[in-house]
Amino acid sequence: PVSSAIADSLSFREQVASILDEHPRIESAKQTVRSLGQGVRIAEKAWFPDLSVTGSRANEDRNNVSGTDDTQFNSNDVKLTLTQPVYDFGSKRASKELASLQLLQAEKTLQLTKQSIILEIGVAQIGISTAIEKLRYAKRSLSNLVKQTKLEDIKVKAGAGVSTDVLQAKVQLAGARARLQAAKGFLDNQEHRYRAVFGDLQNDFLKPRKMKLQIEDLPETKEEALEVARKNNLQLQALSNAVSISRTTVSQVQSDQLWPKFNFIVDKSYKKNVGGTLGKAQELIAKIQFTYNLNLGFSVLNSIDAARANFSATQNQLDDARRLIDEGVSNAFVAYRQAEKNADLLAEQSELSGAFLELARKERTLGKRSLIEILAGETAEINAKSDAAEARGSMVSTSLALLSVMGILEARHLELE
């Protein structure tokens, strides 16, 4: 575990780098890559000869044919067998290709895992900073309403105010308290998400910081987004690789189960008192051997059909994924554009609400505005600022989601303002 002092000393970039280096999901994917990398090395060495050594020590008690003395010896036997594969109709080549494709699949999965974690980091930072800002606005709104309500209550008691204004102010005050509770609940939820993503690397100084919108890699049009996604989306790449794996599996099954295997074998034996013969003996045999195993129920045909069906299923999954990715990219692009427009409109509303409130307060001092109008303006300004903050956070998070589904989201896209 990282101490809080160390966590507080880390920059945001260092936080991101540490999470991507140590996250359990990423570490698991890395171990899978290492494991399959060893599988490739194993497949590459399949053409190397195998050496087997067999030894025995026994007591032989032989009842020989009539006219020959029976024998009883302590025998020793050592046999060395060198087997060099000669030809297997492409079985080992298919195994090597399959191992390489599985390694490539694992590497794509590692990249996809990193990309999902990068998105989680960005969304968690956006969520916590937005929640902190919304809570600050909710507290400010409540504080102002409490102050205004107390002042108006004093005026009523002094005979200079209107009791209905006080009641309306209390209604506004109750609403502000409800918004404050909602903001606290939202912050609690975002704290849980932030803690789940950042773990021991939580940094209270960085929590309020907003994420920067990375516009340089964002597409201008939906067509551009689709074009980039079709080339770079990691899910599509993984499924395309899965199709290659299933195709190679068909070839491997055919090579393994339809055709024999040819090996060059050298046997060297050292014997002592073996087979009823007293003394030492040596034996050397060199041969070309073929092996052919056939199930008389012709299960090989079922194996080939199963491999072909799996290939067809994988191809259908890829075709379906292409349609779903196109849909996902289109929706992500629309969501980003909508969030962008919404953020601009709410920012404009916030500015206008602030300008109106400033003028209304001046008119209030001149007796041209009622307390209710001031309270309504106050509430509108706070709500507008809160909504604008949330809309901006949504715009940044949807931009990261768009980059992710396009397959180009990287750690460099996570930057604080």
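Phe 262 is partly exposed, at a relative accessible area of 28%, while Phe 290 comes out as exposed, at 54%. Here buried means under 20% relative accessible area, exposed over 50%, and partly exposed in between, with a 1.4 Å probe and protein chains only. The model is a predicted one, so local features need pLDDT of at least 70 and side-chain atom pairs pLDDT 80 or more, while totals for chains, interfaces and linings use all residues. Residues are numbered from 1 along each chain as its sequence is written, and side-chain values use heavy atoms, leaving out hydrogens and water.

Now for the rings. A search of the whole structure turns up four aromatic pairs; rings of Phe, Tyr and Trp (its six-membered ring) pair if their centres lie within 6.5 Å, and planes under 30 degrees apart count as stacked, over 60 as edge-to-face and the rest as tilted. Phe 262 and Phe 290 make a tilted pair, 5.8 Å centre to centre with 35° between the planes. Phe 262 belongs to strand β3 (residues 261-272) and Phe 290 to strand β4 (residues 280-291), so this pair ties together parts 28 residues apart in sequence. Strands are DSSP runs of E, at least two residues long, numbered from the N terminus. Elsewhere, Tyr 87, Phe 89 and Trp 259 form one aromatic cluster.

Some rings also have a charge over them, meaning that NZ of Lys or CZ of Arg is within 6 Å of the ring centre and within 35 degrees of the ring normal. Lys 92 lies over the face of Trp 47, 5.3 Å from the ring centre. Likewise, the charged end of Arg 136 sits over the ring of Tyr 137, at 5.6 Å from its centre.

How values were computed
Helix = DSSP H or I, 4+ residues; strand = E, 2+ residues; numbered from the N terminus.
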